[in-house]
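Take a look at the model below. The text walks through its aromatic rings and then a helix pairing.

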Amino acid sequence: MRRYILVVALLLAVNLHGKAQQPKMPTAQEMTVKNVDELEKRLKLTPTQKSVIYNYVFDMSKQQLELIKRQQAGTSKEDDVTKFYKLQNDTNDNIRTILKGDQLPEFEKVLEDRLNGGNTKKKKKKGKKGKEEEEEVVTGISGLKLKP
């Protein structure tokens with residue numbers, strides 16, 4: 001009887017440990033809020049623009065999460081990756097149609113930043129004697145090249 005209880009407890013502990021290790025996937029709403037908040041700060045959106053963009057991004061996020069879940073479950077189709085990026089491109093095109101003036105070039109910068117991993121600013125690093133030096137972050141294919 002003791003062995004039976006010990007085995008059940010061990011299996012339960014392994015199961016709980018495995019579930020604790022899995023990262024939680026964000027919801028479509030969480031993704032949308034983060035995305036729209038960034039756009040609002042950088043583009044200075046009007047309330048109407050924010051509302052319309054929220055709807056576009058929320059629809060895209062829901063559909064993309066479904067594609068991700070299918071891929072994780074192993075039931076994805078060949079064209080799911082294409083659909084994923086098509087949703088993104090269509091949403092970006094829809095957003096462009098409602099932006100005005102200076103918002104368009106800034107939106108292109110946002111997209112470029114996202115493609116570059118969101119870190120196009122210069123890093124500060126401590127050099128000799130505690131002085132801060134700036135290190136330029138190289139992105140794209142040139143960032144993969146080895147330094148001589």
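Phe 58 is partly exposed in this predicted model. Its relative accessible area is 25%. Tyr 54 also counts as partly exposed, at 25% relative accessibility. Both values fall between the 20% limit for buried and the 50% limit for exposed.

Tyr 54 and Phe 58 sit four residues apart in helix α3, so about one helical turn separates them. The structure holds two aromatic pairs. Tyr 54 and Phe 58 form one of them: the ring centres lie 6.0 Å apart and the planes meet at 10°, so this pair is stacked. The cut-off for stacked is under 30 degrees.

Phe 84 and Tyr 85 have ring centres 5.3 Å apart, with planes at 80°, so this pair is edge-to-face. The cut-off here is over 60 degrees. Tyr 85 is partly exposed, at 47% relative accessibility.

Now turn to the helices. Helix α3 covers residues 47-73, and helix α4 covers residues 80-98. Their axes come within 10 Å and cross at roughly 180°. The two helices are therefore roughly antiparallel to each other. On the α3 side, the contact residues include Val 52, Ile 53, Tyr 56, Val 57, Met 60 and Leu 67. On the α4 side, they include Phe 84, Leu 87, Thr 91, Ile 95 and Ile 98. By type, the residues of the contact divide into eleven nonpolar, six polar and three charged.

How values were computed:
Residues numbered from 1 in each chain as written. Predicted model: local features only at pLDDT ≥ 70, side-chain atom pairs only at ≥ 80, totals over all residues. Heavy atoms only, no water. Axes fitted to C-alpha atoms, helices over the stretch in contact; angles between N-to-C directions. Parallel < 35°, antiparallel > 145°, perpendicular 65-115°, else oblique. Contact = heavy atoms within 4.5 Å. Nonpolar A, V, L, I, M, F, W, Y, C, P; charged D, E, K, R; others polar. Phe/Tyr/Trp six-rings, centres within 6.5 Å; stacked < 30°, edge-to-face > 60°. Buried < 20%, exposed > 50% of the residue type's maximum accessible area, 1.4 Å probe, protein only.
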